Amino acid sequence: MTTLPLRQRSAWLALEAHINTLRATNLRTLFAEDPKRGERLHAETEGIHLDYSKQRVTDETVRLLIELANESGLGERRDQMFRGEHINVSEDRAVLHVALRMPKSASLVVDGVDVVAEVHAVLDQMSSFATRVRSGEWKGHTGKSIRNVVNIGIGGSDLGPVMAYEALRFYSRRDLTFHFVSNVDSTDMVEALRDLQADETLFIISSKTFGTLETLTNATSARRWLIEQLGDESAVAKHFVAVSTNAKKVAAFGIDTENMFVFWDWVGGRYSMESAIGLSTMLAIGPEHYFELLDGFHAMDEHFRTAAFEENLPVLMGLLALWNRDFLGCASVGVMPYEQYLKRLPAYLQQLTMESNGKHVTLEGTAVDYDTGALYWGEPGTNGQHSFYQLIHQGTTVIPIDFIGFAKSLNPLGEHHDILSSNVFAQAQALAFGKSAEEVRAEGTPESIVAHRVMEGNRPSNVLLAEILTPRILGSIIALYEHSVFTQGALWDIDSFDQWGVELGKVLAVAIIPELSSDAEPSLNHDSSTNELIRLYRRLKRNGDRHDN
């Protein structure tokens, strides 16, 4: 692998020269000069079609980006991940979310252990448990079957399950209700439990160490609620299960360790939705659909592992993202799924992308001198069109967009889906080509307002199009973004699999908690702003009245 810093690599230098030739060129010109551009600049695998012809690139751009990938050792770094080498350097860990979706017939020995065998042992345990709950065989403390499932986690232990449940709700059991509690704000817990009966409710507590402050605070409140309703501490064992590795703490909480589902330190939280963290997903959609989801992940893994970079969807998306960030100066990316079931996908991708690549030093610990990561955000179409698309079309900030569409609706209703889908293509078209002053004038617009109606266009986008949303397609879409993130991180020479930036605020919060709750006036040793805010909080807390409905 090259030892040259990124900006000294020959392909990077060539791209810096190349961008200067493109600055005066826009997408209108590129399409006019190459009428078949839209027929060429696309790639497809596993039922997902990627049209990247509306990116501000030429064939030469793509060639140079692929040269940069080769020069940066992307293929070797990818292979190191699949071999189970410790590519998470700051934590000295393997990165093996790909093992979570390998078939049972596969084998991958890492540090002397066949991790695929371990994964499938947990999957078998999950399948057995889910079947018992879904069939009514599993009974609660009073002999009633489970009707409500409450997943308590935070970060990847929440965002993945929430996103997957909403995305696959069409395939879920409608006689089971699912609730997800992550925020330590008491309102999140109170509202989730408001209409539930304890003797019909199952809690899944997801915390690797069984010590995450927010999760354990919420779990303890849920435990108290259950015991208050059922009047017996032994009921906890019939209404709580754990996704954790800390058997001692799980047992002390009152959970039978037979109902503890393990996962491993080589699974990062944001990559864990198909581990035991996905127990709520399996309960919702059933083991058969869950394994279809895993198949979709694995299919995209294999495509990423084996396909030539020129045809490799995750590689192409990753390279285009790097191009937009570092050469076009685009600081954010919008993800717009035109599928209501994917309404939580942008929030899920926020953690995946920004926690992974929001880094300021290289693998060797030296400061980067280029931009890494981008702000990811989004909203399902067509809602966003009546909210923030104004800025996307006419604002001073260029924001690349990923549009995600499907040819068929799971809930066909009149002309709804054609109207929805027309907006995918129309918005991408409008961003690319805009509307010139001449076109505005040709519509008879008074000269005084022509400038207000001009849209300069030349704003990049991808369109991802599939037939219909299925568990398998969802798995492939998530893996596509995972490996795109990997591609970017590999070229930026950063560790995409640690998250030390998450820790500092947690540590400081633990120190502040007793200062907020103590009866005695605490001695404060923070900065003057934090000290004064704590004093104000304590005054308001003493003087404020609780507001009941």
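Tutor: Start with helix α5 (residues 74–83) and helix α12 (residues 279–306), whose axes come within 10 Å and cross at roughly 140°. Axes here are lines fitted to C-alpha atoms, for helices over the stretch in contact, and angles run from 0 to 180 degrees between N-to-C directions. α5 and α12 are therefore oblique to each other. The cut-offs are these: under 35 degrees is roughly parallel, over 145 roughly antiparallel, 65 to 115 roughly perpendicular, and the rest oblique. On the α5 side, R78, M81 and F82 make the contact; on the α12 side, D301, F304 and R305 do. Contact means heavy atoms within 4.5 Å. Three of these residues are nonpolar, none polar and three charged. Nonpolar covers Ala, Val, Leu, Ile, Met, Phe, Trp, Tyr, Cys and Pro; charged covers Asp, Glu, Lys and Arg; the others, Gly among them, are polar. Helices (H or I, at least four residues) are DSSP runs, numbered from the N terminus.

A word on the basis. This is a predicted model, where local features need pLDDT of at least 70, side-chain atom pairs count only at pLDDT 80 or more, and totals for chains, interfaces and linings use all residues. Residues are numbered from 1 along each chain as its sequence is written, and side-chain values use heavy atoms, with hydrogens and water left out.

A salt bridge is a side-chain nitrogen of Lys or Arg within 4 Å of a carboxyl oxygen of Asp or Glu. By this rule there are 37 salt bridges.

One of them joins D59 and R40, at 3.1 Å from N to O. D59 lies in helix α4 (residues 59–71) and R40 in helix α3 (residues 37–40), so the pair ties together parts 19 residues apart in sequence. D59 is partly exposed at 43% relative accessible area, and R40 is partly exposed at 37%. Buried means under 20%, exposed over 50%, partly exposed in between (1.4 Å probe, protein chains only). E39 bridges to K36, with the closest N and O atoms 3.9 Å apart. E39 is exposed at 53%, and K36 is exposed at 52%.

Last, helix α13 (residues 313–327). Its 15 residues should span 21 Å at 1.5 Å a residue, and its end C-alpha atoms are 20 Å apart, which agrees. The expected span is 1.5 Å times one less than the number of residues. In α13, 15 of the 15 residues are buried, so the helix is largely enclosed by the rest of the structure. G329 follows α13, with a positive phi near 70°.

Note on methods: Helix = DSSP H or I, 4+ residues; strand = E, 2+ residues; numbered from the N terminus.
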